[in-house]
Amino acid sequence: MLLHSAPSDWHAPTLWLTSAVVLALLIWALRSTGLRKVSNTQDALPLGIMGLAQLALPHLSGGVVEGLSFYPLLTGLSAMMFGFRYSLVLAALTQALNVAAGLGYWQNMGISLLVTHVIPALWILAFLALAQRYWAKNFFVYVWINGFFGASFGIVFCDIASAALLVGAGPWSWHYIAQFFLPFGLMMTFPEGFITGAFLTMLVLFKPQWVYTFRDEVYQMSKPD
């Protein structure tokens with residue numbers, strides 16, 4: 001969901017604070033990576049495919065009221081494939097292009113990136129780290145527990161954060177959000193989890209080198225000689 005109501009309707013200090021936090025994270029991501037991964041053609045291809053998907057999905061969104069739209073974010077899949085830093089840079093680029101195309105406002109980009117990417121991406125990667133520590137390192141655990149449930153709960157946290165910001169800093173009342181946003185936003189948990197789990201399954205089987213968080217030797221998926 002892009003939070004694309006008019007900037008004048010938002011609490012200005014909240015907009016600037018979230019924008020500053022996201023900008024600091026972007027600067028850190030760019031400085032720490034130097035975008036080295038993109039220089040490798042093999043890595044540039046999946047980044048490009050994911051970028052096109054994230055660029056197109058907001059234009060195929062649905063909703064029940066104007067200003068509140070829903071579509072698969074692909075945040076969990078992007079974070080699992082590229083890690084937090086590259087997925088954040090990619091999300092910032094695609095949202096900037098969508099805003100330039102008229103889907104939203106520049107002032108709302110920081111708060112939008114915070115709820116649609118930073119929160120769900122950090123959650124799914126933290127959940128992955130916990131699963132790797134306490135559960136068996138198993139292919140099905142990685143794909144369905146980390147992928148499906150990780151992405152699904154990421155959308156839950158995204159929706160809760162969005163609702164809190166829409167009520168606390170935006171122009172909507174809690175009654176309005178509870179009626180027209182939360183029920184429909186939470187309906188996206190299963191599609192997001194299914195897409196993430198299904199694509200992770202195919203990628204791990206056929207293109208494991210595209211998945212940054214997956215290692216053959218850890219999950220014992222290496223093909224015998």
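**Pockets, cavities and a helix pair**

Modeller: The second largest pocket holds about 170 Å³ of space. This is a predicted model, where local features need pLDDT of at least 70, side-chain atom pairs count only at pLDDT 80 or more, and totals for chains, interfaces and linings use all residues. Residues are numbered from 1 along each chain as its sequence is written, and side-chain values use heavy atoms, with hydrogens and water left out.

Colleague: What counts as a pocket, and what is a volume here?

Modeller: On a 1 Å grid over the protein atoms alone, a pocket is an open set of points with protein on both sides within 12 Å along at least five of seven lines; a cavity is a set where a 1.4 Å probe fits but cannot get out, and lining residues have an atom within 4 Å of a point. Points are joined across faces, edges and corners, and the volume is the space filled by probe spheres set on them.

Colleague: Which residues line the second largest pocket?

Modeller: Pro46, Ile49, Met50, Ala53, Leu74, Leu77, Met81, Ile195, Phe199, Leu203 and Trp210. By class that is 11 nonpolar, no polar and no charged. Nonpolar means Ala, Val, Leu, Ile, Met, Phe, Trp, Tyr, Cys and Pro; charged means Asp, Glu, Lys and Arg; the others, Gly among them, are polar.

Colleague: Which helix gives the most to that lining?

Modeller: Helix 2, with 4 residues. Helices are DSSP runs (H or I, at least four residues), numbered from the N terminus.

Colleague: And the largest pocket, how much space lies in it?

Modeller: About 250 Å³. It is lined by 17 residues, with Leu26, Trp106, Met109, Gly110 and Leu113 nearest its centre. The lining has 14 nonpolar, 3 polar and no charged residues, and helix 1 supplies the largest share, 7 residues.

Colleague: Switching to packing: at what angle do helix 3 and helix 8 pack?

Modeller: About 30°, with the axes 8 Å apart. Axes are lines fitted to C-alpha atoms over the stretch in contact, and angles run from 0 to 180 degrees between N-to-C directions. So helix 3 is roughly parallel to helix 8, a label for angles under 35 degrees.

Colleague: How many cavities of 30 Å³ or more are there?

Modeller: The count comes to 5. The largest cavity has a volume of about 130 Å³. Of its 14 lining residues, Gln54, Tyr71, Leu73, Thr94 and Gln95 are the closest to its centre. That lining divides into 7 nonpolar, 7 polar and no charged.

Conventions: Helix = DSSP H or I, 4+ residues; strand = E, 2+ residues; numbered from the N terminus. Parallel < 35°, antiparallel > 145°, perpendicular 65-115°, else oblique.
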